[in-house]
Amino acid sequence: MKKKAVIICLLATSLFIAAFHSKTEPLWHTPAGWPQPVYVFKTNPLRKESIYLGRILFHDPILSRDYTISCASCHLPQTAFTHVDHSLSHGIEGRIGMRNSPALMNLAWSRYFMWDGAVNHLEVQPLAPISNHDEMDDNLAHVVEKLNQSKPYRSLFKAAYGDSLVTGQRTLKAISQFMLSLVSCTSKYDQVKAGKASFSPLEAQGYLLFKRSCSSCHTEPLFTNGGFENNGLALDTNLKDLGRMKITHRSSDSLKFKVPSLRNIEVSYPYMHDGRFRNLAMVLFHYSDGIIQSPTLSPVLKNKLPLNEADKNALIAFLKTLTDEAFLHNPEYGYHKTE
Amino acid sequence: MRKLIVCLLLICPAFCRIEAQDGLGIKTKLQFIPVWQEKVVHIQEDASGLSGDTVSFILFRFYISGLSLWKANHQVWTERNSFHLLDAGHPESMDLSRFLPEGLDWNSIHFSLGIDSATSCSGAQGGELDPVKGMYWAWQSGYINFKLDGFSPMSQAKDHAFHFHLGGYQYPYSCIREIRMDAGPSQDIRVLFDLTKFLATLNLQQEASMMIPGARASLLSNVAAQCIYRETK
């Protein structure tokens, strides 16, 4: 009798351990040599089911008032989750927004979101496009109402959260889970850093120039310092966008915008907060010849960047090593038709 | 033996409950009452028939957080996850009595008007803090602590409307305000939120709306906090 009990106990323990391990299989890996993420995963532990729910929501125009615009409309996976050839984001009924849609990747390391840092946490970031008049023009309460009326979504929420109730918090956390999964860390640059590939001479020259001229703001390995800078762009007199100052009300933040990551920069044109530059050559011409002096200009740009044409070619060659094909064509990121 | 344990398990909570209810024999009450011209505010959710000839309110909501009870200088109780959304359109939400413990000896109550900065920076929250409640800004992160919408003949805005959405957590324009009140002997606290006083402080002809964080929102949050006081009979 005692023997039987011991065997049952052992079996139960093994089953418990197996179940525990299958549930805690890590879905997150911080790439070697990278800093620890800013995002606190323990408040929203990654689960396959919730990442999948977030993916479905990300690609579904149900988030917009008239069911025409999804997150993916302006954030296409194959272009590093931005909208190529569109200087400004656009929304329902052909409305045009004020800013270029930013590329989305490595968001677990971001402390602030949007070009002016208006959003302080990844989980509340989707509220901005959902509610913006020029983007989705809906509100979270209405979105939740629509999702609660959808049988397929109630099933997806049940799979993700254990019951089928749709709430604002669950919706936002699920979209966040999908966004957290967008990690780009397998470019040629990463292969070189891991000792698995090597730069061409031109790329190597570009890398040296990059470290000398660009890396104080576009700091490796994320290729952003996460801060806000005035990079000497002239104020667009139509948009009159003062950037970070709108949020902090400090004149010292005038014309400062979030420093974007340069990963996948080759495919995420046009560039700058208002998409004013169509290609990388125009960007580098701005830094060598177009800097506008102003009180809040980044100190490292006071004397412009001394780049000749050969330097620019080398820099562009290096920047192209940041293209991450595996990230751009990851089958886990695209639209997926639900049952 | 087993039966005895089961009996004890069943009986213990009952004893505990009796003891808690006995306490000092005082029924604790905490009720907020929004008032306009000495009458309880009536929310007219259907604004279609309103002309703006008289002052009328179509929405009044605010957050009360961080409830705690004090005896002299000692905290005797604090509520965990203490976030309450009070909505004048739903009078039952104005009564927080059920959240207070019975039988404690205390003589003052502390709470805040609004949501603290840590919570404002902690991502998507649920329950009373779920952004679906309409009290979270989408374009700039942070909770709206106080939302008052209505009509007044004084307002020069379209349809004589006014909108005061006060919030923001960033230094130096944080809009959360701490409020302390003496309980008196009864522990029956009726808290008036005096909108007469609030609107009287404003010049609606020049300022019919405030819906962004900043210095002015911070100043108006001071005004709002001063409009909260204990009813004296």
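In which sense do strand β1 (residues 29-36) of chain B and β2(B) pair, and over how many bridges? In this predicted model, the two strands run antiparallel to each other and are joined over 2 bridges. Within β2(B), K39(B) is the residue that stands opposite W36(B).

This pairing belongs to a wider arrangement. In chain B, 4 strands make up an open sheet, and their order is β2-β1-β10-β12. The pairing in this sheet is mixed. Its edges are formed by β2 (39-40) and β12 (228-230) of chain B, each of which pairs on one side only.

Chain B as a whole has 12 strands and 4 helices. It comprises 233 residues, of which 33% count as buried. When contacts in chain B between residues at least 6 apart in sequence are considered, 74% of them join residues at least 24 apart.

Is strand β8 (residues 161-167) of chain B largely enclosed or largely open? A residue is buried if 20 or more other C-beta atoms lie within 10 Å of its own. In β8(B), 5 of the 7 residues are buried, so the strand is largely enclosed by the rest of the structure. Strand β7 (residues 144-151) of chain B pairs with β8(B) in the antiparallel sense, over 7 bridges. In that pair, I144(B) is placed opposite G167(B) of β8(B). β8(B) also pairs with strand β11 (residues 209-210) of chain B, here in the parallel sense and over 2 bridges. The bridge partner of H163(B) in β11(B) is S209(B).

Chain B also touches chain A. The contact between them takes 22 residues from chain A and 16 residues from chain B. On the chain B side, the residues that touch chain A are 7 nonpolar, 8 polar and 1 charged.

Chain A itself is divided into two parts, domain 1 (41-184) and domain 2 (188-323). Taken over C-alpha atoms, the centres of these domains of chain A are separated by 27 Å. In the contact between them, 23 residues of domain 1 of chain A meet 24 residues of domain 2 of chain A. The domain 1 side of this contact has 11 nonpolar, 9 polar and 3 charged residues.

Helix packing gives a further view of chain A. Two packed helices are described by the angle between their axes and the distance between the axes. Helix α2 (residues 48-58) of chain A packs on α7(A) at an angle of about 95 degrees, and the axes are 7 Å apart. Angles of 65 to 115 degrees count as roughly perpendicular, and α2(A) and α7(A) are therefore roughly perpendicular to each other. From α2(A), the residues in this contact include I51(A), L53(A), L57(A) and F58(A). Those they meet in α7(A) include A174(A), I175(A) and F178(A). By class, the contact of α2(A) with α7(A) has 7 nonpolar, 5 polar and 1 charged residues.

The loop between α6 (151-161) and α7 (168-180) of chain A holds L165(A). Why does L165(A) count as exposed? The cut-off for an exposed residue is 12 or fewer C-beta neighbours within 10 Å, and L165(A) counts as exposed because it has 12. L165(A) and H83(A) lie 82 residues apart in sequence, and their C-alpha atoms are 33 Å apart in space.

Technical notes: Residues numbered from 1 in each chain as written. Chains lettered and ligands numbered in written order. Predicted model: local features only at pLDDT ≥ 70, side-chain atom pairs only at ≥ 80, totals over all residues. Pairing = 2+ DSSP bridges. Contact = placed C-beta atoms within 7 Å. Nonpolar A, V, L, I, M, F, W, Y, C, P; charged D, E, K, R; others polar. Axes fitted to C-alpha atoms, helices over the stretch in contact; angles between N-to-C directions. Parallel < 35°, antiparallel > 145°, perpendicular 65-115°, else oblique. Domains from an automatic or database assignment.
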